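I opened a new model today and kept notes as I went. The sequence and the structure come first.

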Amino acid sequence: MSQDTPRWRRAIARLVDASVKERLVISVAALVLAVAVGFVIVTLAGLAASCTTHPTIFGVRTPSCYDPFAVYSELFLGAIGHPEQVLFGTGTWTPLDFRVASLLRSTTLLVFTGLAVAVSFRAGMFNIGVQGQLLLGALAAALATVYAAPLVPGGVVGTLVLVPVGIVAGALAGGVWGAIPGALKAYADANEVITTIMLNFVAANLAYVAVSTWFTPADSSLVQTATIPAAARIPNVPFGFQPRDNFSLLGLLFAVALVVGVAYLLARTSFGYDLRTSGSQPEAAAYGGVKEKRTMVTSMGISGALGGISGAMLVLMVQGRWLSNLPQLGFDGITVSILAGNNPLGVGFAALLFGVLKSGSAAIGFGTNVPPALVDVLRGLIILFVAMPEFFRLLGGRLGVGGDVDA
Amino acid sequence: MTSISLSGITKRFPGVVANDDVTLTVEEGTVHALLGENGAGKTTLMNVLYGLYEPDEGTVSVDGTERAFDSPRDAIDAGIGMIHQHFMLVDSMTVAENVVLGNEPRKWRGLRVDREAARAAVDDLCDRYGFDVDPTARVADVSVGVQQRVEILKALYRGADVLILDEPTAVLTPQEVDDLFEVLGELTAEGKTIIFITHKLGEALHAADDVTVLRDGKTVGALPTADTTREELAELMVGREVLLDIDADAGAPGDTVLDVDSLTVTDGDGIDRVADVSMRVRAGEVYGIAGVDGNGQAELVEAITGLRVPDAGAVTFDGEDVTQRSRRHHIEAGMAYVPEDRHERGLVMDSDLVANGILGSQRAPAFTTGSRIDWQSARTHATDVIDTYDVRPRDADATAASLSGGNQQKFIVGREFERDPDLVVVMHPTRGVDIGSTEFIRERLLELRDEGTAVLLVSSKLDEVTSLSDRLAVLYEGRVMDEVDPDTVTEEALGLLMAGQHPEEQ
């Protein structure tokens with residue numbers, strides 16, 4: 001970059017060219033900065049609020065109503081149920097605490113949607129339709145297990161059959177739904193951002209109509225499918241959280257396996273090479289003999305399948321049925337993927353951070369007098385600060401800033 | 001009177017001197033052509049004049065006053081307007097709205113755009129310069145030629161006295177080109193000054209009063225078109241470089257490897273970029289294609305290498321009709337290709353050399369086990385190419401973007417030559433490459449030929465094609481003008497052919 005390129009362009013170029021190690025440092029620094037800014041905001045908001053008891057920090061009674069130390073202690077330690085209590089002997093905490101389960105449950109589900117978005121991003125496309133793929137994947141998993149249940153015995157054998165059946169059904173449904181915008185882009189030049197957004201609505205309403213017309217049990221007042229058989233639930237092994245926590249370590253292991261699998265697919269296979277080359281330089285991909293249309297459809301299919309698997313896991317591990325108001329994990333997946341720099345291994349950590357923030361926010365609500373709106377501000381700050389550098393990297397890469405210094 | 005005077009302009013980018021002590025003098029009321037090949041520095045120079053770039057050295061004078069433009073806004077204020085190659089128009093708005101955009105006449109104390117006044121102003125301009133443009137038509141509905149005129153109107157509306165047109169004919173049909181030149185005549189008759197950038201010397205001769213030729217960022221000639229000829233301009237543009245006389249003996253050609261039969265490539269606007277081209281390249285010979293850039297070479301090569309399906313004709317490679325086959329099939333059948341554009345095509349800039357070394361071979365058995373890439377053998381391969389072709393730095397983990405142009409080119413050449421191909425298609429192999437690497441690449445090319453490989457060499461450097469080729473075709477506007485013997489043909493005759501004339505016609 002020569003001297004007369006604008007400052008912002010040079011700054012972004014430096015971000016684009018940052019190494020993995022630099023990016024990690026940037027992320028951690030951003031997290032620290034977000035906490036620092038949050039500290040100030042909490043203190044200032046506390047000054048503006050009125051209260052009867054003021055917190056005491058380091059023996060000094062503060063004029064502010066809120067205690068930022070307590071807030072961040074709840075956000076990060078409360079998220080897993082205050083394990084430091086064990087150290088100080090002030091409480092009984094076990095790794096099987098329900099808050100740990102809740103944190104890991106969010107993490108597990110977000111890994112799938114994060115991976116789904118990351119795969120599409122690496123292929124140079126933006127799959128905003130993960131939510132739709134999730135909804136249809138969830139429906140397929142619920143229906144497949146409900147209707148397959150009478151054909152298989154119960155117990156362990158049933159689980160060994162039904163869980164894979166549910167996951168495969170979810171992956172297929174999501175995969176087909178994801179491949180549609182891929183094919184539309186490849187063969188009709190339709191922008192996948194637009195088509196995936198639109199297909200979200202189509203999926204949501206299609207599923208709703210289908211379930212309300214055919215699959216809602218007669219005795220149900222809500223639009224939902226029948227509950228899946230107990231054998232189809234992800235078993236709570238190798239060791240148990242409380243059944244009511246709706247979390248299984250097996251689910252987390254499956255998520256980790258997929259993280260490794262997707263990382264392997266991208267980095268080590270010919271298909272991954274094609275996918276990444278198309279994503280970073282389509283002209284070079286065409287030159288290198290990559291079948292671009294086929295790669296587009298397949299990448300979006302894989303992305304959709306991962307979205308569908310998240311839906312299947314939501315049903316098999318958490319909800320136990322398809323409901324019309326399933327959580328919006330598909331959209332969180334976009335943030336998770338950007339936080340992770342679209343790196344599959346990073347998705348694991350980003351999902352964990354997301355899970356901590358989710359679980360920690362709830363803990364702040366219980367443990368402090370800070371209003372929920374302010375908690376959302378703190379959570380948003382962290383995501384914003386950590387995601388921004390990656391976001392600008394992405395944007396800069398698309399604008400063609402950085403990398404080549406040629407005229 | 002001198003309208004524009006650029007003197008001693010030098011503009012450097014990291015690793016490249018885009019303009020090197022360039023001088024340009026344009027008389028008021030004339031059409032001035034800025035002629036040169038792609039990458040000669042024409043657009044950079046005009047961006048300096050238009051205030052988009054600040055020159056590292058040199059001065060810009062307008063009407064005899066020295067000026068320093070910080071931005072296009074300053075240039076516009078000084079009466080300079082630029083019409084870019086890609087139009088900057090809002091398709092959904094009318095012609096009149098586009099013309100006044102940013103400088104709208106207002107009414108109601110500036111609250112409302114005065115559409116009537118805008119229309120009247122545009123009508124007025126059209127009358128004055130004899131433009132046949134409907135101000136109320138939507139830009140999306142009018143032809144490319146009219147859109148270009150809207151761009152010109154926009155510049156005139158902002159008070160431009162000097163108009164810079166960047167490759168104005170690139171997007172036009174021949175009829176529209178004639179119309180444009182008529183418009184330029186009317187503009188100069190009204191006292192406007194025109195500078196147009198082009199690499200087509202016919203146009204420069206036809207439409208301009210004076211021409212300045214740039215090559216490799218330097219001014220190599222400034223002369224009135226009345227005093228020059230096509231061949232002189234062609235020679236100036238292409239240039240003669242230090243003679244690297246390496247061609248000793250001719251190759252010993254064998255069987256036909258590549259047979260191109262009546263190939264035609266039509267672009268989106270219905271213009272034939274390649275028209276009915278036929279050629280045969282035999283094993284053990286270098287078949288050269290000479291011509292000024294932009295005469296269909298790129299499209300021809302894309303059709304041969306499988307990046308584009310031709311509109312008519314056939315390509316037969318090693319006895320197999322590959323006209324409709326995929327790019328991957330071409331690679332697997334043994335066709336290597338050193339592309340013209342190493343930044344866009346030849347290399348994945350963000351990837352390291354290990355990954356770049358298997359671009360095109362990512363599914364070849366040599367580098368894969370099943371569907372898995374064997375990165376260890378890919379690394380060995382990249383290191384081999386780096387060693388054999390003297391790529392620096394000697395680091396397979398370096399990203400392609402971090403290499404200099406010459407080293408990037410050596411790496412691509414190495415990767416392609418090491419495929420053990422039956423045919424190598426090489427396009428501008430030494431463009432932007434230093435003398436040492438140039439010599440090296442040319443030697444390798446001849447070695448490959450001597451080993452019995454067929455070579456199709458496309459270059460706009462006269463010396464390169466004449467000294468390396470065993471047979472030589474000259475391409476002009478998508479057609480083969482003639483096939484000549486590179487050992488006996490004179491530079492004059494080649495210059496004429498490249499300019500679209502047969503020597504005997506003179």
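My entries on the two chains and their contact follow.

**Ground rules.** I am working with a predicted model, in which local features need pLDDT of at least 70, side-chain atom pairs count only at pLDDT 80 or more, and totals for chains, interfaces and linings use all residues. Residues are numbered from 1 along each chain as its sequence is written, and chains are lettered from A and ligands numbered from 1 in the order in which they are written.

**Chain A, confidence.** I looked up pLDDT, the predictor's confidence in each residue, from 0 to 100. Chain A has a mean of 88, and 96% of its residues reach 70 or more. For residues 403–407 of chain A I found pLDDT below 50, yet this stretch has 18 contacts in the model beyond near neighbours in sequence. I count two residues as in contact if their C-beta atoms, placed from the backbone, lie within 7 Å.

**Chain A, overall form.** I asked what radius of gyration a compact globule of 407 residues would have. Along the principal axes, the C-alpha atoms of chain A fill a box of roughly 70 × 65 × 35 Å.

**Chain A, helices.** I noted 15 helices and two strands in chain A. These are DSSP runs numbered from the N terminus: H or I of at least four residues for helices, E of at least two for strands. The unreviewed UniProt entry lists several stretches of chain A as "transmembrane region", among them 133–150 and 247–267. I checked both in the model. Residues 133–150 of chain A are 89% helix and 0% strand, with end C-alpha atoms 27 Å apart. Residues 247–267 of chain A are 90% helix and 0% strand, and there the ends are 31 Å apart.

**Chain B, a sheet.** I traced an open antiparallel sheet of four strands in chain B, in the order S14-S13-S16-S17. Strands pair here if DSSP finds at least two bridges between them. S14 (272–282) and S17 (320–321) of chain B are the edge strands, each pairing on one side only. S16(B), residues 312–317, pairs with S17(B) over two bridges.

**Where the chains meet.** How many residues of chain B are in contact with chain A? I found 31, against 23 residues of chain A. H11(B) gives the largest share of that side of chain B, four residues.

Key
UniProt positions renumbered as here; feature names shortened; annotations may be inferred. Rg over C-alpha atoms; globule rule 2.2 N^0.38 Å.
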